[in-house]
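Colleague: I'd like to go through this model with you and ask how you know what you say about it. Could you put it up first?

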Amino acid sequence: MREFCIENQGTNTYLVYTFSEDDMVDTMSLGMLTNNHIQGVTETTFYQMDAVKQVKYNITSKVEIQQMFERTLNRKQVLGIFSGIVNALLEVEEYMLEPSSIVLDKKYIFADVSTYETTVICVPVMESQAQNVNLGMFFKELVFTAQFDPTENCDYVTKIINFLNSSPAFSLLKFKQLLDELKFPVADKKTVTAEKETPKKSVQSAQNEGYRRQSEQRMPERKAPVQTESKVPVQTSPKVPDASANMAVPQKTGGKTAAGMQIPGSAPAKMQTDPVKTQNEKQMSRLYLLQHYSKENAAIYKAQQAEKKNAKGGKAKKGNKQEEQQVSYVVPGADKLQAARQNAQSPVQQPQGMPERPVQQQPQRMPERPAQQPMNPQNPIQQAFHQGVQQPANFGATTVLNANMNAETSVLSGPEAQKQQPYLFRMKNNERIMLNKPVFRIGKERSYVDYFVSDNAAVSRSHANIVEQNGKFYVVDTNSTNHTYVNGRMIQSNTEVLLSHGDRVRLANEEFEFHMM
């Protein structure tokens, strides 16, 4: 098993492999790694000082996939990691590198927590014996050790397992094809083909729309004669009353004329006697009668005067009847009213309107009185309260529960009282960050970390972790760009450093303080 170490140089973090005396450097593979940027393979640099030979891999701002597999993974993360490893292995074959030179270990496969792009480590060492790498078994271990998001549809996991168990011979090309199909489902391909066929359909739809518009333009021409026929009765119908009106006014007079004087015969006089029509018509004056005197006008004038007299007498009679009806409705007792009328000398006749007041006042004022009744101390709820509590109520003091209890203090159980809760105190905004997970992640990638630092660009996407082990807490720098410091000293990446109460933890230039409650 090859051994690696972590080295920090400036803002970069390197995974370093030192060649042993037994290792034979594969110069061809080394030249391919150092002179080319191979997709999926970590950037490699070769160093030699005297007899010491080293290969350094830049893993700045990248996280081991082992840390990602400690939490639940969603579909995008799983397919991104698997596709990154498969693409890297295919690229290694294209550059004629030995597959055995790839380190297939979750500790040495790194991924970007934002894009989930995965890179592998290739060690340019010539092996004395060819080693067969079982890629199918490696991917099976990844699937069986992963925790998948239960809120998603995990049918893609079933398809991956079925593929890995289908045949003993593992094929990278077929596995890549499966991963691509899972990334881009068949439904998406159908939509792409449908979009290609849309120009043909659009031509047909345009033709259909043209026919429909032509038919709509022709339809109003057929409906035109129907509209002209409907206009005929509308125009002729108002002519009938106009003709009758002309017939009713044969005379041409400059003054105001009555309709009854223009119609000859006795029939119009009968129509004028109708009370409904006479109310709307104008009355004939005496001056008009003298100017246009005739027997017919004299008869009409007399009839109008008689109607006026009758109307005045009828209104007076109706007014008396209405007064009697109003009195009969206002007074609740009819017997008392009749007795009051018979005794003309009694003083009760004058206050006839008095009974109207109690009728209006009783339904308005009577419901207002019960609204004041709850203030009565004889309320049953208040009686029960006074019976249970003999002391007067004091609303300004604290209510004492169970006054008969002893005044001793209740003692909590030992483990609950002694349990300590750690937290980080952020000095910038006095925020208290509770460390409530075994591995608490801090960084500025919202979808990955547990505490999101949104207002500091110097902090990496996955900057550091606070790890709990056997009641003790450690800080681990996760290959950050600007590093992590404890009490002013920079710590090595991927190295656990014990924290004590009051220690200062600095992520780049962001100050925190570790506390134990």
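Colleague: What share of the contacts in the chain with a separation of 6 or more comes from residues 24 or more positions apart?
Modeller: Those residues account for 57% of them. Keep in mind that this is a predicted model.

Colleague: How many helices and strands does the chain have?
Modeller: There are 16 helices and 22 strands. Of the 517 residues, 29% count as buried. The chain exposes about 35900 Å², and carbon and sulfur atoms supply 52% of that.

Colleague: Let's take single residues. Why is Thr-44 called buried?
Modeller: Buried means a relative accessible area under 20%. Thr-44 has 6%, so it is buried. You'll find Thr-44 in strand S4, which covers residues 44-49.

Colleague: Which residues is Thr-44 in contact with, leaving aside its neighbours within four places in sequence?
Modeller: They are Leu-33, Thr-34, Val-55, Lys-56 and Tyr-57.

Colleague: Is Lys-174 buried or exposed, and how do you know?
Modeller: Exposed starts at over 50%. Lys-174 has a relative accessible area of 54%, so it is exposed. Lys-174 sits in helix H6, residues 172-183.

Colleague: Now the largest nonpolar core. Which residues have the most contacts inside it?
Modeller: Phe-82, Ile-85, Phe-139, Ile-160 and Phe-175 do, in a core of 43 residues. The elements that give two or more residues to this core are helix H2 (65-68), helix H3 (75-94), helix H4 (135-145), helix H5 (155-166) and H6. H3 gives the most, with 10 residues.

Colleague: What does Phe-175 touch, not counting residues up to four places away in sequence?
Modeller: Phe-175 touches Phe-82, Val-86, Phe-139, Ile-160, Phe-163, Leu-164 and Phe-170. Apart from this core lies another one, of 19 residues, among them Leu-424, Leu-435, Phe-473 and Val-486.

Colleague: Last topic, the sheet. What is the order of the strands in the open sheet of 3 strands?
Modeller: The order is S6-S8-S9, with antiparallel pairing.

Colleague: Why are strand S6 (63-64) and strand S9 (118-119) called edge strands?
Modeller: Each of them pairs on one side only.

Colleague: And how do you know that strand S8 and S9 pair?
Modeller: Pairing needs at least two bridges. S8, residues 110-111, is joined to S9 by 2 bridges, so they pair, and they run antiparallel. For Phe-110, the bridge partner in S9 is Thr-119.

Technical notes
Residues numbered from 1 in each chain as written. Predicted model: local features only at pLDDT ≥ 70, side-chain atom pairs only at ≥ 80, totals over all residues. Heavy atoms only, no water. Helix = DSSP H or I, 4+ residues; strand = E, 2+ residues; numbered from the N terminus. Buried < 20%, exposed > 50% of the residue type's maximum accessible area, 1.4 Å probe, protein only. Contact = heavy atoms within 4.5 Å. Areas by Shrake-Rupley, 256 points an atom, 1.4 Å probe, with all protein chains shown as cover. Core = buried A, V, L, I, M, F, W, Y, C linked by side-chain atoms within 4.5 Å.
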